[in-house]
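I opened the model and took notes as I went.

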Amino acid sequence: MNDVKFKFDTPEHGWMDISVGDGEREESLVISDVPCNSVYKLAYILLALQSGSKSEEVEFSLEPDYALWKFRANDNELEIHVFPSSSRNNPIVFKGQRTKVIHRLYKALRDLETLSCWKEPDATSIIWSWEFPYQELNQFRARAKSA
């Protein structure tokens with residue numbers, strides 16, 4: 001198992017570069033903010049995995065195509081099956097220790113949250129069509145502290 005890492009770049013005009021990698025390989029996508037609220041879905045997945053969910057997925061709009069990340073938990077391991085297109089063939093699979101992968105996804109979303117673009121007056125009309133999922137990340141952090 002390698003160290004799985006996530007990266008989210010600054011959203012601009014409804015587009016954002018995201019990636020997942022493990023030091024040996026990386027899969028990058030340029031995602032759109034419509035019609036999928038994928039950033040919220042990732043925050044929701046954090047909460048679900050923290051609560052013991054074994055399977056979660058998030059769809060990313062690539063306009064016109066779609067990509068999919070499937071999260072599969074097995075005991076102490078977490079796999080991310082990355083389908084870079086709607087063909088759903090030959091996924092790229094990243095594996096890591098469950099708690100580390102969850103923490104790294106949380107950290108990547110927290111890094112994304114700190115970007116000043118979310119505080120722009122018209123952020124949801126010019127930067128990204130959806131509000132940032134502050135509440136869900138705060139809930140995740142509160143649960144983690146009380147565990």
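In which hand of crossing does α1 pass α4? I looked it up: α1 passes α4 in a left-handed crossing, meaning that the near helix is turned anticlockwise from the far one by less than a right angle.

A note on sources: this is a predicted model, where local features need pLDDT of at least 70 and side-chain atom pairs count only at pLDDT 80 or more, while totals for chains, interfaces and linings use all residues. Residues are numbered from 1 along each chain as its sequence is written, and side-chain values use heavy atoms, leaving out hydrogens and water.

Next I checked the geometry of helix α1 (residues 38-50) with helix α4 (residues 134-146): they pack at an angle of about 20°, their axes 9 Å apart. The two are therefore roughly parallel (angles under 35 degrees).

I then listed the contacts (heavy atoms within 4.5 Å). From α1, Tyr40, Ala43, Leu46, Leu47 and Gln50 meet α4 residues including Phe140 and Arg143. By class, this contact has 7 nonpolar, 2 polar and 2 charged residues.

Val39, Leu42, Ala43, Leu46 and Leu49 in α1 meet α2 residues, among them Ile102, Leu105 and Leu109. Here I noted 10 nonpolar, no polar and 1 charged residues.

For burial (under 20% relative accessible area, 1.4 Å probe, protein chains only), the α1 list includes Leu42, Ala43, Leu46 and Leu49.

Last entry: just after α1, Gly52 takes a positive phi of about 105°.

Methods:
Axes are lines fitted to C-alpha atoms, for helices over the stretch in contact, and angles run from 0 to 180 degrees between N-to-C directions. Helices (H or I, at least four residues) and strands (E, at least two) are DSSP runs, numbered from the N terminus. Angles under 35 degrees count as roughly parallel, over 145 as roughly antiparallel, 65 to 115 as roughly perpendicular and the rest as oblique. Ala, Val, Leu, Ile, Met, Phe, Trp, Tyr, Cys and Pro count as nonpolar, Asp, Glu, Lys and Arg as charged, and the others, Gly among them, as polar. Buried means under 20% relative accessible area, exposed over 50%, partly exposed in between (1.4 Å probe, protein chains only).
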